[in-house]
Amino acid sequence: MEATIEVAGLRKRYGRTVALDGMSFTVTPGRVTGFVGPNGAGKSTTMRTIVGLDAPDAGHALVGGRVYRSLRRPLTHVGALLDAAALSPGRTGRNHLLWLAHSQGLPGHRVDEVLDEVGLSSAARRRAGGYSLGMRQRLGIAAALLGDPPVLLLDEPFNGLDPEGIVWIRGLLRTLAADGRTVLVSSHLMSELEDTAEHLVVVGRGRVVTDAGVAELVAAASDGRVTLRTAARAEAMSVLARAGATVATGARDTVTVTGLPADRVVALLTEHTVPFAEVAAHRASLSEAYMELTRDAVEFRPGEAR
Amino acid sequence: MREFGYLLRAEWTKFRTLRGQLVAATAAAVLVVLLGAVFAAGNHSSCSEGPKEVACPTPPLGPGGEAVADTFYFVHRTLSGDGTVTARLTSLTGVITYPPPNHDTIVPRVEGLARAGLMVKAGARPGASYAALAMTGTHGVRLAWDFTHEVAGAPGRVSGAAPRWLRLVRAGDTLTGYESVDGHRWTRVGVAHPAALPRSVQVGLFVSSPGDVTVEQGSLGGSIEQLRFTQATGVFDRVSVAGTAAGGDWRRDYVGGHAATDWEKYHRPPGLVASGDRLTISGSGEIAPSTDGFHLEGVLSGLYVGLIVLIVVAVLAVTAEYRRGVIATTLVAGPRRGTVLAAKAVVVGAVGFVAGLVATAVTVPVGVHVLRGNGIYVLPVPLGTELRVVVGTAAVVGLVSVLALALGAVFRRGPVAVIAAVAVTVLPVLLATASFVPEGLSRWLLRITPAAGFAVQQSIPVYPNAVGHHSPVDGYYPLPPWAGFAVLCGFAGLALALAGYLLRRRDA
Amino acid sequence: MRRALHAEWTKLATARGTAWLIFGIVAATAALTAAVDATVRCTALGCDQDPTRLSLTGVQLGQAVVAGLAILAAGGEFGTGMIRTTLLAVPRRTTVLAAKATVVAGLTAAAGTVAVLASLLVARLVLPTAGFTAAHGHPLPSLTAGGTVRAAGGAVLYLVLVALIALATATLVRDSAVATGAVLALLYVPPVAVFLVSDPDWQTWLWRFSPMDTGLAILSTTHLADLPLTGWAGLAVTAGWAVALLLPAAALLAHRDP
C-alpha cells in the first residue's frame, strides 16, 4: 500500500459556520508533515474526516487510496491521536490499550511493547482518571502506535507535555518518518514543529494557505539580507556597492547588505583585502515564516460568524 | 465476520475492565435473589384443626399434574368397557347468593359456566381423568376433558320448550360427544381423549356451578376479586346407559364436596330428586384447573429492581463513551458502525441474560422451596414451564438491556435514555398492575409495549373453562408467553435498527 | 444566597435541553392522562373510578421527566468538572445546594402547574365520551370543586418533591444516569412490590413507605377511608424522603472533594 493521505476538496458546514472550505492536500511517506494553522482553521475536522468520524458535505479523504471506513483492521493502516482526554477514567491505561488491541485482533503483548515505547509501563496499571495531561498524551500516542501503522495522524501531540516530553516526541516523530511512514502532525504553534517537520501544510479558514517544504518556506521568508561587521566600514561599503548591492550602515560597525548572497560578499571583501570580523546571512525562523504567512492570509477573527 | 469477532472481543474487554459495570451487573443479580429470598421467607401459612396445627389442605392434581378444582354433584353407575350414555336436559336454573351491589338479596340466575350434563370419569375421586358433555349456563354445549381441554358445541339455553339431548359414546380411550334438539338428528360436538381412563369407569349425570365473580377496584389500586356461592339445578329425563353397565339405583356423590352453606342447609341441599323418569340434580362447584395458590414467578419480586440496575449499565455502555469522547476512539478502531453497535449489543445483551439467568435460576427453585417450607401452596407446573419462566425471564432481561443500549445510542444522554427505557418497560407493568388505570388499558399496555415480554413469566395459563377474573394484577398477561416475548424482540430490534441508522448518519 | 440563586437560575435556563424537558413534563402528563381516560368505560349504572384521580393519572409518567429535569439541569454538573467552577464562584457548599434546590423546585412548580392543568383539561375533553357525565351522576372534575383543587395542588407539590428527591440523589451518586436509575427505582418499584406481597399487613406497611404511593394518595377524591394514610399525611411521607436524601446530600457535598 502506498501510504499517502489524500485530501481533496473537503467541504463541511456546521449550521452557518463553515468548517472546511475546499481543503485539499496530499501527505507523502518518509517525512514529517506539519499541519498548522490557528485555532478553528479546520485542522481537527480534517483529521476527523480522514478517519471517518465526520462526514464531509463534499470532497473526499483517502488513506492509501482507500476510504477509511472501508479498511479492515484499520489501526494497522492508520494510527491516530485525536483527543488524549477521551478516556474512561475508571479503566487502567493498559486496559484501554487492551480493548483497542482486541478490536484489531492484536495480541496482548503488543500492548506492553507500545507502553514501553512511550515510557508508560510503570503507570500502566493505574486508573487513567488519575493520569496527568502528559501521561494521557503518551497513552494516546501508544494507542496510535499499537497497530504499527504506516500512516500516523497526531492532533496536537505536544499539548501538555513537559520540555523533556517535547524533545522525546520530536525524536519519535523523526524516527517514525525515517522508517518510511507517513506522519501528519497538527499544531497551532509553529515553534513546536521546528526541527521536526520537513514539509508544512498551513491552513486557515478551512482551506490550505501554503503547502510547501520547510526550506522553501524559510527561504521565502528570508529576504537575503547579510549583516557585515567590519572596522573598515566605508571601504567595504564602496566595494559592495560597486558590485551591485544595496548597502546601509547599521549599529556600531555593522553594515547591512541586500542583493548579494553571503558567499559573494565574503569573496568580494577578500578580493579587495577589506578586513572584516563577521559575515552573517539573515535566515528567518520557521515561526517568522509562519507569522509572515498568517499575517497575509490567515487572519482569524475570533467570534466571527459568516 | 472475523472483524465482528475482534470487535466483540474488544467490547467484552471494555466491559470487563470497568469494575463499576461488573459490580453493578452482579449486584443486579444478587438484588433479585435477596429480595426474592426475603419475600419468600416472609410469607407463611398455617392451618389448624381446633388447637392442633395441621398441614394445609392442597387441591387435587389432574391427570396432567396441574392443580385442579374438581367439585360437582355426580349421579353415576359403573360402566365396563365401551358404552353410550344419553339424556335429555329440559331445564337448567340456578341461584346466586348475596350478589352485589348491595349483597342483601338472593338472585335466581344461572351462573354462566354452571354445567349440567353427562360425565364419564375414572372414579369419583377428585382429580380423576374424565370427559364431560354438558350444557352451560350461558356458553352453550361444551365437551370438556381432563380439566384443561374443552371444545364448544351449539350455543343457546335450555327450557321445557327447547330441551337439549346429550349423548356421550365411549370407544376405548376415545369419547365422542353428540347433541340434538329432538333426539333424532344428532350433531357431533367433538372427540375427547382423556389421559387415564381405566376399562371400568363411572358414568352418569352431573351438575356444577362455580362461584360468581365480581371485581372491585382495590383501595391501593389494582382490583379485588370476590366470589359468591352459587347453585345450579338441572332437570334430566330419558336417561339411558347402553353397554355393560351396572343396573339398579344410581350412586350419588358430592365429588370434592364441602361443608354445607346456609343456602344448602336451609333452602336446597345438593343432590338428586328422582320422580319417575325425571331426575332433578342440584349441585355446586367448579371443574377446572385451579389458580388458587402461589404462582412460582411471584418469587421474582425483585426483578424490576435488578432490571433498572441493568438498564443503567446498558445505557452507560454507550452514553459514557459519548460523555468521555471514547466513542471517537471506538469508531476509529471500528469504522463499520453497524458492526460496532452489533458487537456492543451482543455483549450487553449477554451480560443482561447471564445476570438474569443467575438471578432466576437461583431465586425460583430456592424461593419455591422456602415458600413450600413455610406452608405456602405453590401451584405445581411442568418442568418445561418452570424452565421457560427461568430462561425466558433471563432472556427478557437480556433483551431489555439491548433495548436500553439502543436507546442510549439514540439519545446519547444517560438520564434521557434511562427514563425512556424504564418508561417503556417497568412503567407499563406498574400502570397495568398497581395503579388505578382501567383494566382495558392495562391489557393494551401489556400487548403493545416492550413490557409484553414479561408474559414469559406467567406459569399458570388461563384455560378457557376456568372461572374467575384473570387480570394483569394477578399475573395474567393478555398475550401468550412467546407472543409477548416476540413483541419485546420486535421493539429491541427496531430500537437497534434506529440506533444503527443514527450512528451511521451522525458525526461521532 | 441571592447571587447564588441568580447563578443557578442562569445555568438552568441556559442548559441544553431545559426547554425540551419542560415541554416533556407537560406532554408526558397530558398524553398518559388522555390514553387512560380514553379507555375508561362507565355506564349509567355506575363505575368504580375516581374521575379526579383519572384526570391526573399522567403525573405517574410526568414525574419521570421531572426527575430528568432535576438530574440533568441541576444535578448534572456533579458528574462533570463544572461543579468545581461552581464552588469557586460560591464556596459555601450548602448555599449551592440550597440555591439549586430552590431553582429546580420553582421551575418544577411552574412546569408542574401547567402539566396538571393541561392534564385536567384533556380529561374534561375525553372523559364525557367514557360516560362521565353529570346526567350519569359522575360530574367532571372541575377546579371549582374543593377535592379537585386539593388533588391538583397536591400533584404539583408531589412533582416538586420528586424534583428534590432527584436533585439529592444526583448530588449523592454524582453520575446522572445512575441517579436517574436510582430515582426511578425508588418511585416505580415499591408500588409494584406492594402488589407482589400477598399479606395485607405487609402490603399496607410497604405502601406507607412508598414515596409514590403515599405522595399520590392526595389525588383520590373517593374511597378516601380505604387509604392507609390521608392525602396530606401521604405527601408528608414523600417530603420525608426528600429531606432524608437532601440532608446527607448536603453533608456529603460539604465534606467531599469535588
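Is G30(A) buried, exposed or partly exposed? G30(A) is partly exposed, because 13 other C-beta atoms lie within 10 Å; a residue is called buried if 20 or more other C-beta atoms lie within 10 Å of its own, exposed if 12 or fewer, and partly exposed in between, with C-beta atoms placed from the backbone.

The model is predicted, so that local features need pLDDT of at least 70 and side-chain atom pairs count only at pLDDT 80 or more, while totals for chains, interfaces and linings use all residues. Residues are numbered from 1 along each chain as its sequence is written, and chains are lettered from A and ligands numbered from 1 in the order in which they are written.

G30(A) sits in the loop between strand 2 (17-27) and strand 3 (32-36) of chain A. Here strands (E, at least two residues) and helices (H or I, at least four residues) are DSSP runs, numbered from the N terminus. With residues up to four places away in sequence left out, G30(A) touches A177(A) and G180(A), where contact requires that the C-beta atoms of two residues, placed from the backbone, lie within 7 Å. The C-alpha atom of G30(A) is also 7.8 Å from that of V183(A), although 153 residues separate the two along the chain.

Chains A and C are joined by no contact, and their closest C-alpha atoms are 12 Å apart. The contact between chains A and B takes 28 residues from chain A and 25 residues from chain B. On chain B, helix 1 (2-16), helix 2 (19-41), helix 4 (303-324) and helix 5 (326-333) each supply at least two residues of the side that touches chain A. Helix 1 of chain B gives the largest share of that side, seven residues.

Chain B also contains paired strands, a pair being counted if DSSP finds at least two bridges between two strands. Strand 10 (residues 164-171) and strand 11 (residues 174-180) of chain B pair in the antiparallel sense over seven bridges, and R167(B) has Y178(B) in strand 11 as its bridge partner. These two strands form a hairpin with two residues between them, and G172(B) in the turn has a positive phi of about 70 degrees.

Strand 11 of chain B pairs in the antiparallel sense with strand 12 (residues 187-192) of chain B as well, over five bridges. G177(B) stands opposite G190(B) in strand 12. This second hairpin has six residues between the strands, and G183(B) takes a positive phi near 85 degrees.
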